[in-house]
Amino acid sequence: MRDSALFDYACRLGDDSLILGQRLSEWCGHAPMLEIDLSLANVGLDLIGQATHFLKLAGEAEGEGRDADALAFHRDVLDYKNCLLVEQPNGDFAQTIARQFLFSNYQELLFRELCASKNVTIAAIAAKAVKEVAYHVRLANEWMVRLGDGTAESRARMIAGLEWVWRFGEELFDVDAVTEALIASGVAVDVRQLKPEWDGRVAKVLAEASLEPPKPRRGAKGGREGHHSEHLGHLLSEMQFLQRAYPGAQW
Amino acid sequence: MVTMTAALKNRVLEILSHVSDPEIPCVSVVDLGIVREVTDDAVVITPTYTGCPATLAIEADIRTALDRAGLSTMKIETTLSPPWSTDWISDAGHEKLRAYGIAPPSRSVAQCPRCGSSHTEELSRFGSTPCKSLHRCLDCREPFDRFKCH
């Protein structure tokens, strides 16, 4: 009883959370201050928790006995369906925050709408996670302002960080045939309709941070179809090492 | 299958009331509202925070407690809906947290669990675990954790 559209959609949701959670975990023990270390690790944990729920659902939709761990640790790059934004390297703290700012504001709007999904599991995960994502948004928004409107150094770094991540924003609001069908059946959210609100939120914070929006440029896309940047492979090689070296290992 | 009597349900709840939260051992999984209900053949639990790393440990601890009590046929089921919030923490749970030195969740300003003052400030919204934030009392000057209102 394979539901391949639901499998794809749940993988996209889960992969976004998993990959960004993994990226944030790279900061653990390396952040500029203890509080930031705790914050980023906490956000990472929330995201990995979301991923666990979404990938479990994906495995059930697939109906071939794969659980969340099997999907996380035994898929290769081409089978990952996350957006390109979340796999981008951490760079410096400013680039990490710029990435989080674009993503968390998107995810909060998305989850707010997914609470009404016709798929009860997706609705339950979203209702649970949306309260946590509100924290991520506050953290990212506050740091955007603190760095953008901070010292000459922090401002220059934030401008560069924002410039780096900006091209990956468009993909968040793409709809393809898979989502089109699920939107029609009330399972998925039409993210195109969230774009104006996201634009407004982003513009408001940038204005508060005295930052200019970067110049529009052609968006980088392809993650939803498994066409990734080189960065994802490196991330997976670290994240999946143990299960690849010792398949099925438990402890 | 034997239908579970009220007495047996109470016994299960009593057993679970001795299963501590692995991160905050002063409160039990019942105090925290992690245990949703006891059905005829299962204990239904709900995770607190989506990413709480203690979730698996909690499930394992409940399993051990049930097995020790000879209830190894009871299953553990997980539900996400309605989502857990700090409103599920019992009044007894609030008191135990305060006595342990963690300000219980509240909609108003954090109260110092040591001297009771409301003259406090937030130091970090993200604390030592996903469920806590870090505060400082401006009267007795002690730093303290607060259970995030959620």
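**Chain B, its sheet, and one histidine in chain A**

Okay, let's start with the sheet: in chain B, three strands make an open sheet, ordered E1-E2-E3, with mixed pairing. Strands here are DSSP runs of E with at least two residues, helices are runs of H or I with at least four, and both are numbered from the N terminus. Two strands pair if DSSP finds at least two bridges between them. In general, such pairing goes through backbone hydrogen bonds, either parallel or antiparallel.

Before I go on, this is a predicted model, where local features need pLDDT of at least 70 and side-chain atom pairs count only at pLDDT 80 or more, while totals for chains, interfaces and linings use all residues. Residues are numbered from 1 along each chain as its sequence is written, and chains are lettered from A and ligands numbered from 1 in the order in which they are written.

Which strands are at the edges? Strand E1 (35-38) and strand E3 (75-78) of chain B, since each pairs on one side only. On to E2 of chain B, residues 42-45: four bridges join this strand to E3(B), and the two run parallel. Within that pair, Val43(B) sits opposite Ile76(B).

Then there's helix H1 of chain B, residues 6-16, which packs on the sheet and touches E1 and E2 of chain B; its direction makes about 155° with that of E1(B). Angles like that run from 0 to 180 degrees between N-to-C directions, with axes fitted as lines to C-alpha atoms, for helices over the stretch in contact.

Zooming out, chain B has three helices and seven strands, running α-β-β-α-β-α-β-β-β-β from the N terminus. Its C-alpha atoms fill a box of roughly 60 × 25 × 25 Å along the principal axes.

Now, the partner. 14 residues of chain B are in contact with 19 residues of chain A, contact being C-beta atoms, placed from the backbone, within 7 Å. On the chain B side, that's seven nonpolar, six polar and one charged. Nonpolar is Ala, Val, Leu, Ile, Met, Phe, Trp, Tyr, Cys and Pro; charged is Asp, Glu, Lys and Arg; the others, Gly among them, are polar.

Last stop: His53(A), in helix H2 (residues 34-62) of chain A. Leaving out residues up to four places away in sequence, His53(A) touches Ile125(A) and Thr50(B). Why does His53(A) count as buried? Because it has 25 C-beta neighbours inside 10 Å, and the cut-off for buried is 20 or more, with 12 or fewer being exposed and anything in between partly exposed.

Key
Two residues are in contact if their C-beta atoms, placed from the backbone, lie within 7 Å.
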